[in-house]
Amino acid sequence: MAWQNEMTVIVRHLVHDVNSNDYTFIDSRLEEAILVSAQLSMLEIDFENTYTIDVDSLTLTPDPTSSSDKDDSFINLVSLKTAQMLIGSELKTHSLNAISLRDGPSSLDLRGIVSGLKILFDDINQKYEEAVMQFKMNGVVGQAILGPYSPGSDIVGRSNYSNRSGRF
């Protein structure tokens, strides 16, 4: 049950739901959202470990938070994906209630809530996309930028040979 504790806390912080007296999301909903996000993340990302996800029974094996084999990449990416999904859900819910009323001198405008959530949603989307790209490029640093046929790669190759003691 360790992943439920650690990943739930991370997701709560990402969606700014940290006031324990007035949680927006209950723990069981967050755990379910984490598992759904894990399932969706595995479609686009090849993690080092193979995880078995069962949303019905709320199980994730092996536990990515176990101290012996902690998978920080999985934890972070799935937590970001979960936050993305939850903020998107909140944005949809509040956008249906985004109204502006004016009756004489009094007015009520609920559109500001939606614009604030849209900023959060765009920010978490950008962070998730950057994290996915960073994870995918982590194999060999600079591999995506400097391949064998990219401009400038011949200069790097020549500089490696010029540092040797032999003649070229």
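## Helix crossing and aromatic cluster

The axes of α2 and α3 come within 8 Å and cross at roughly 115°. That makes α2 roughly perpendicular to α3, a class that spans 65 to 115 degrees, with under 35 degrees roughly parallel, over 145 roughly antiparallel and the rest oblique. Axes are lines fitted to C-alpha atoms, for helices over the stretch in contact, and angles run from 0 to 180 degrees between N-to-C directions. Helices (H or I, at least four residues) and strands (E, at least two) are DSSP runs, numbered from the N terminus.

This is a predicted model: local features need pLDDT of at least 70, side-chain atom pairs count only at pLDDT 80 or more, and totals for chains, interfaces and linings use all residues. Residues are numbered from 1 along each chain as its sequence is written, and side-chain values use heavy atoms, with hydrogens and water left out.

Which residues of α2 meet α3? On the α2 side they are R29, L30, A33, I34, V36, S37, A38, L40, S41 and E44. Their partners in α3 are F74, V78, K81, T82, M85, L86 and S89. Contact here means heavy atoms within 4.5 Å.

### Aromatic pairs

Rings of Phe, Tyr and Trp (its six-membered ring) pair if their centres lie within 6.5 Å; planes under 30 degrees apart count as stacked, over 60 as edge-to-face and the rest as tilted. The count comes to three aromatic pairs. Two of them are tabulated.

| Pair | Centre to centre | Angle between planes | Class |
|---|---|---|---|
| F47 and F74 | 5.0 Å | 75° | edge-to-face |
| Y51 and F74 | 4.1 Å | 25° | stacked |

F47 lies in the loop between α2 (27-44) and β1 (52-54), and F74 in helix α3 (residues 72-95), so their pair ties together parts that are 27 residues apart in sequence. Y51 sits in the loop between α2 and β1, and its pair with F74 in helix α3 links parts 23 residues apart.

Buried means under 20% relative accessible area, exposed over 50% and partly exposed in between (1.4 Å probe, protein chains only). Ring pairs link F47, Y51, F74 and F135 into a cluster.

### Helix α1

T8 has its place in helix α1 (residues 2-14). T8 is buried, with a relative accessible area of 6%. Leaving out residues up to four places away in sequence, T8 touches W3, D27, L30, E31 and I34.
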